[in-house]
Amino acid sequence: MDKPKSFIKLDRSILEWESFKDGRTLQVWIYLLCSARFKAATVNGISVRRGEVLASKGEIARSCGMTDRQARACIDRLIASGEIKRREKLGTKAFSVFKIVKYNEYQDAMPTKRPTIRPTQTLAAQAFEPF
């Protein structure tokens, strides 16, 4: 069975982010954004809230095609820059819960109202309207 399609928002300001040119850190950051829960859940007996990821450093490394040491360095950089936090005292050393600090700011809910076409204008005419 196919997974339902979903997406994350990625603001253009990421181009100005201090770690943008560090490809590995950027890759881990995007992996964490894509893996974060959008609704709270219990995973393997651990409560994982919205904007959090339950993962091991090894799992992150394998998913991103890097060594454990490289993944650990990227995670440490993301923690030092305040992008993520690691939740301590889970009762297991195999996994950590990584919290994306500004997840709600980055991934806020989609607007409930969609823009509508003015009744006198066709879709084709709207598509070619000059800026």
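Angles under 35 degrees count as roughly parallel, over 145 as roughly antiparallel, 65 to 115 as roughly perpendicular and the rest as oblique. This is a predicted model, where local features need pLDDT of at least 70, side-chain atom pairs count only at pLDDT 80 or more, and totals for chains, interfaces and linings use all residues. Residues are numbered from 1 along each chain as its sequence is written, and side-chain values use heavy atoms, with hydrogens and water left out.

**Confidence**
- Mean pLDDT (the predictor's confidence in each residue, from 0 to 100) is 84 for the chain, and 79% of its residues reach 70 or more.
- Helices are DSSP runs of H or I with at least four residues, numbered from the N terminus.

**Helix 1 with helix 3**
- Helix 1 (residues 23-35) packs on helix 3 (residues 68-80) at about 75°, with axes 9 Å apart.
- Axes are lines fitted to C-alpha atoms, for helices over the stretch in contact, and angles run from 0 to 180 degrees between N-to-C directions.
- R24, T25, V28, W29 and L32 of helix 1 make the contact (heavy atoms within 4.5 Å) with Q70, C74, I75, R77 and L78 of helix 3.
- By class, this contact has 6 nonpolar, 2 polar and 2 charged residues.
- Ala, Val, Leu, Ile, Met, Phe, Trp, Tyr, Cys and Pro count as nonpolar, Asp, Glu, Lys and Arg as charged, and the others, Gly among them, as polar.

**Helix 2 with helix 3**
- Helix 2 (residues 57-64) meets helix 3 at about 105°, with axes 8 Å apart.
- Helix 2 and helix 3 are therefore roughly perpendicular.
- K57, G58, I60 and A61 of helix 2 touch D68, A71, R72 and I75 of helix 3.
- The contact of helix 2 with helix 3 has 4 nonpolar, 1 polar and 3 charged residues.

**Helix 1 with helix 2**
- The angle between helix 1 and helix 2 is about 110°, and their axes lie 10 Å apart.
- That makes helix 1 roughly perpendicular to helix 2.
- Q27, V28, Y31 and L32 of helix 1 meet E59, I60, S63 and C64 of helix 2.
- This contact of helix 1 with helix 2 divides into 5 nonpolar, 2 polar and 1 charged residues.

Definitions and conventions
Helix = DSSP H or I, 4+ residues; strand = E, 2+ residues; numbered from the N terminus.
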